[in-house]
Each structure stands twice: as C-alpha cells, then as structure tokens.
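Have the viewer open and follow along.

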Amino acid sequence: MYKDKKCLAVITARGGSKGLPGKNIKILLGKPLIAWTIEKGLESKYIDRVIVSTDSDEIAAVSKKYGAEVPFMRPEELSGDSMGSFDVVVHAIEYLAKNGDEYDYVVLLEPTSPMRKKGDLDNAIANLIDKEKEADSLVSLGRVNLEHPAVIKKVNDKGYMVPYIKKPEKATGRQGFSLAYFPYGVIYITKIKALYKYKSFYQRRTIPYFVERWQCYEVDDIYDFMIIETIMQERINDIV
C-alpha cells in the first residue's frame, strides 16, 4: 500500500508459448524466468498481493515455489494466442473481488521482461500515485534506437521496398530523428476504474516510466533469451 492505495500485482504467464516453448519456466541464471518477476513483486514495499494468472499446472507449481499466489487456474477461453492482457487482468481483479479482496490499482508484470532494476516497481508506483490527480496509468518505455519508425521498411505487392509509414521523417542520420519509444513489460500500472473505462493500460492520461537502454529487451524467442542472459550477467548488481 502507498498513500492508502491498495495495489495488486498480476503476473500473466500462459503455458502455450510458440516462440520459445516453456519460456516462463526456462532456467535463466539459475532459476526459472518467471521467478525473477515474482521476486521483484514480493520485494516491493507498495504491492499488497502478488498473484500469477496461468493455465499451466507446471507454471503454477513453479510460481508457488517462489512465493507467488495462484488463487485460480486461468480459464481456457482466456488462454489463446490472441488473448490480450485486459481480459486476463480483469478476470483476476473480479475473481478476487468476489472473494472480498478489492484494490485501487493493478500492476501488470510480464515475466518476459526480467530486467528490472532495484526500486523500479516502487518508484513507478509512487510516481503514478503521487500524480493521481493528473494521471490514471503508467507504462514503462524504452527509447528506440536502431529500429526507428522512420527507417523501417516493408515490401509492397510489386516486390519493391517502401517506407513502412506513409510520411517518414527526413534526417541525415538516426540521431536526427525525433525520439521514439517502445513499451516494455517492466511495469504497467493503472487505476482499476480507468482500466474498465479504457479497456487498456494505454489511456488518455498515461504517463511514461523510462527504463535504461540495457533493459530494453523481452523474451520472445531463444535469441532474446540468450541476449538477456548475457546482459543480466553483466548488470546483476543493478537487479539484485
């Protein structure tokens, strides 16, 4: 709790990953990938409860081993590839509310973004709640470097390479482009009332939480996993 506001953390981890099968429990520097996120949630001074939403008995068992609660198994209709975070998080909120446990804010933590610095979660939560009159949600952002939207291409139906966006910026080098950012899964927070209103963490009054360059990776396939493992070895003192 921070300033009398109750915060629920929901870690979403389904079992059917295709990019890297079993990624949520794949061993990363000595422990399952999801354990890094569970431990950060439990370390937070401001998060009141950490739960995992999963459809996998194996992920549920690993999550419990590392201290998270798994109060329910995610229904099959919320477990497909195309299922967004909104429905999964709302299911968790409503399941707990029916059991008399209600919150002011919900924090979404993606296990595929394990590179959270010490203090990231509490700093982000305090940042949003301190601005509760002018902001409703917060999303972690990392600066886009090589893959700036102005240089991204696609191939048209005639086989020619063309700009991905219709009117890309002009610049002599990538340093000349306006700053662009990508939302990484380090942390998403929203007032629960605003989540119902916008059906998304991206809302009219969403503020950024900037992460450092080395934190701008997510595990989607084995190459991401290898990169993240290497970076975490180098930055472990920033993480634990």
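Tyr105 sits across from Lys191 in strand 9. That contact belongs to the antiparallel pairing of strand 5 (residues 105-109) with strand 9 (residues 181-191), which runs over four bridges. Further along, Leu108 faces Tyr188 of strand 9. Strands here, like helices, are DSSP runs numbered from the N terminus (E over at least two residues for strands, H or I over at least four for helices). Two strands count as paired if DSSP finds at least two bridges between them.

Some housekeeping: this is a predicted model, where local features need pLDDT of at least 70, side-chain atom pairs count only at pLDDT 80 or more, and totals for chains, interfaces and linings use all residues. Residues are numbered from 1 along each chain as its sequence is written, and side-chain values use heavy atoms, with hydrogens and water left out.

Zooming out, the strands make an open sheet of six, in the order 4-1-5-9-6-10, with mixed pairing. Strand 4 (49-53) and strand 10 (206-210) are the edges, each pairing on one side only. Neighbouring strands of the sheet are turned by 25° against each other on average, direction ignored. Angles like this run from 0 to 180 degrees between N-to-C directions, with axes fitted as lines to C-alpha atoms (for helices, over the stretch in contact).

Strand 9 also pairs with strand 6 (residues 137-143), antiparallel over six bridges. In that pairing, Phe182 of strand 9 is the bridge partner of Gly142. Strand 9 is mostly covered, with eight of its eleven residues buried. Buried means under 20% relative accessible area, exposed means over 50%, and partly exposed is in between (1.4 Å probe, protein chains only).

Now strand 1 (7-12). Strand 1 pairs in parallel with strand 5 over five bridges, and in parallel with strand 4, also over five bridges. Cys7 has Tyr105 of strand 5 as its bridge partner, while Ile11 stands opposite Val52 in strand 4.

How many residues of strand 1 are buried? Six of the six are, so strand 1 is largely enclosed by the rest of the structure. In a regular strand the side chains alternate between the two faces of the sheet. Here both faces are covered: Cys7, Ala9 and Ile11 are buried on one side, and Leu8, Val10 and Thr12 on the other.

Helix 1 (residues 33-43) lies across strand 1, strand 4 and strand 5, at about 155° to strand 4. Contact in this sense means heavy atoms within 4.5 Å.

**Salt bridges**

A salt bridge is a side-chain nitrogen of Lys or Arg within 4 Å of a carboxyl oxygen of Asp or Glu.

| Pair | Closest N to O distance |
|---|---|
| Lys117 and Glu212 | 2.9 Å |
| Glu43 and Lys40 | 3.4 Å |

Asp130 is partly exposed because its relative accessible area is 42%, whereas Lys3, at 53%, is exposed.

Glu43 and Lys40 are three residues apart in helix 1, so about one helical turn separates them. Is Lys40 buried or exposed? With 7% relative accessibility, Lys40 counts as buried.

Then there is the salt bridge between Lys117 and Glu212. This pair also links distant parts of the chain: Lys117 is in the loop between strand 5 and helix 4, and Glu212 is in the loop between strand 10 and helix 6 (222-239), 95 residues apart. Both count as partly exposed, Lys117 at 23% relative accessibility and Glu212 at 33%. Elsewhere, salt bridges that share partners join Lys6, Arg49, Glu69 and Asp101 into one network.

**A nonpolar patch**

On the surface, Val151, Ile152, Tyr164 and Ile165 form a nonpolar patch with about 330 Å² of accessible area together. Ile165 lies in the loop between strand 8 (161-163) and strand 9, and its 33% relative accessibility makes it partly exposed.

Technical notes. Patch = residues over 30% accessible without salt bridge, like charges linked within 9 Å, V, L, I, M, F, W, Y side chains within 5 Å. Areas by Shrake-Rupley, 256 points an atom, 1.4 Å probe, with all protein chains shown as cover.
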